[in-house]
Amino acid sequence: MSFKWDSIKKPVFVLAPMANITTLPFRSICSEMGADIVYTPMLSSNAIVYNKEKTLKIAMSLPQEESKTIVQLFGYDSDLLAKAANIVQGGLKPAGIDINMGCPAPKITGNECGSALLKDVNKAVELIKLIRSKFDGQLSVKLRLGWSEFDIIELVKNLETIGINSISVHGRTAKQGYRGNANWEAINIIADKVKIPVIGNGDIKTWQEAYQRLDHSHLAGVMIGRAALGNPWIFQEIKEKKSLVISRNEIADLIMLQSKRYIDFVGEKIAMREMRKHLGWYIKNFDGASEIRKKAMQITSYNDLLDLLSMLKSN
Ligand SMILES: Cc1cc2nc3c(=O)[nH]c(=O)nc-3n(C[C@H](O)[C@H](O)[C@H](O)COP(=O)(O)O)c2cc1C
């Protein structure tokens with residue numbers, strides 16, 4: 001049965017989109033650990049339309065994961081965004097498409113993409129309405145609370161009216177970057193205003209916090225980003241409602257699984273380079289981590305990885 005936001009089994013626990021991170025290897029692991037819905041990194045709509053094969057590969061999923069994968073797009077041109085959405089939907093058969101209205105990075109907002117779309121409600125609604133009119137699939141939007149202040153209530157109501165199927169909200173303004181704390185009061189105000197599923201996001205660090213954020217709220221689910229880095233088990237903890245003690249051997253085995261998937265995905269050289277940051281996250285709490293981390297940052301081959309893992313297991 002195809003995915004529909006309005007028939008999700010609430011609450012849903014969602015892996016947040018993270019550029020260069022939530023590609024197939026890590027995303028599939030979070031999905032197997034219990035994430036109900038997983039987001040790809042944001043992909044440029046222009047790149048999809050003009051360099052289809054290469055860009056689509058970034059959003060590839062394992063077959064069993066397709067029905068819970070949301071592919072996120074960014075762009076400023078409704079035509080290109082709609083074309084890209086249809087190309088992705090036709091080629092990869094994901095659960096749905098998400099439009100990024102939250103990224104505050106200057107290289108994105110400088111091109112009027114991401115959170116820059118929050119500066120002008122009418123323009124944003126017009127853009128999304130045009131995409132909606134040309135794309136039949138499940139369509140969601142990920143937002144921040146506003147550009148410089150919390151002012152997206154009208155926008156969100158309009159998004160519902162024009163047929164957007166779900167929204168997710170990171171409880172900070174674009175100007176805030178990652179400073180301060182996510183404002184969950186504001187997220188809850190938004191969830192009270194619309195009937196479409198609203199997913200709350202920002203600063204959830206533990207499985208207990210995931211449930212606390214859902215308590216007394218109209219949220220359909222919560223989204224987790226940074227807390228899953230080096231700890232995809234957070235989704236298993238959420239599902240089992242208990243804290244897990246993860247041994248070094250289990251960590252090493254998971255690193256191996258992720259690395260093998262990475263190698264299948266992009267080849268050994270790029271996979272090992274990309275794995276360095278993940279290794280840093282997996283081992284950050286280890287005793288004597290600085291020596292292991294130094295070695296982790298230097299791996300260039302599968303053999304280097306095997307050496308590192310035996311060092312990890314024997315330590
Ligand atoms: C390294 C990194 C990359 C991110 N890339 C994206 C992205 O591609 N698209 C997006 O909408 N948000 C992106 N985000 C924001 C996250 O999806 C999420 O909204 C934010 O990290 C707050 O959630 P958290 O506190 O659970 O991490 C990124 C965040 C991080 C840390």
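**Group meeting: a barrel and its ligand**

Hi everyone, let me start at the ligand: sorted by class, its shell is made up of eight nonpolar, six polar and three charged residues. Please keep in mind that this is a predicted model.

So who is in that shell? In total, 17 residues surround the ligand. The closest are Pro 17, Gln 72, Asn 201, Asp 203 and Arg 226.

Now for some individual contacts. The side chain of Gln 72 places an N or O atom 2.8 Å from a nitrogen atom of the ligand. On the side chain of Lys 142, an N or O atom is 2.8 Å from a ligand oxygen. Gly 225 takes part through its backbone, where an N or O atom lies 2.8 Å from an oxygen atom of the ligand. How much of the ligand's accessible area does the protein cover? On its own the ligand has 600 Å² of accessible area, and the protein covers 86% of that.

Let's move on to the fold. You are looking at a closed barrel of eight strands, running from β1 through to β8 in order, with parallel pairing. From one strand to the next, the twist averages 25 degrees. As a reminder, strands of a sheet pair through backbone hydrogen bonds, either parallel or antiparallel.

Gln 72 turns up again here. Strand β3, residues 69-74, pairs with strand β4, residues 96-101, in the parallel sense over four bridges. Within that pairing, Gln 72 has Asp 98 in β4 as its bridge partner.

Next, two of the helices. Helix α1, residues 24-33, lies across β1, β2 and β3, and runs at about 160 degrees to β2. Helix α8, residues 184-193, lies across β6, β7 and β8, at about 175 degrees to β7.

I'll finish with two backbone details. Most residues other than glycine have a negative phi, and most peptide bonds are trans. Where is the cis peptide bond I'd like to show you? That bond joins Lys 10 and Pro 11, with omega about -5 degrees, and Pro 11 sits in the segment before β1. The other detail is Lys 93, whose phi is positive, near 50 degrees. You'll find Lys 93 in the loop between α4 and β4.

Conventions
Residues numbered from 1 in each chain as written. Predicted model: local features only at pLDDT ≥ 70, side-chain atom pairs only at ≥ 80, totals over all residues. Heavy atoms only, no water. Pairing = 2+ DSSP bridges. Axes fitted to C-alpha atoms, helices over the stretch in contact; angles between N-to-C directions. Contact = heavy atoms within 4.5 Å. Near = heavy atom within 4 Å. Polar contact = N/O pair within 3.5 Å; in protein donor to acceptor, adjacent residues only side chain to side chain. Areas by Shrake-Rupley, 256 points an atom, 1.4 Å probe, with all protein chains shown as cover. Nonpolar A, V, L, I, M, F, W, Y, C, P; charged D, E, K, R; others polar.
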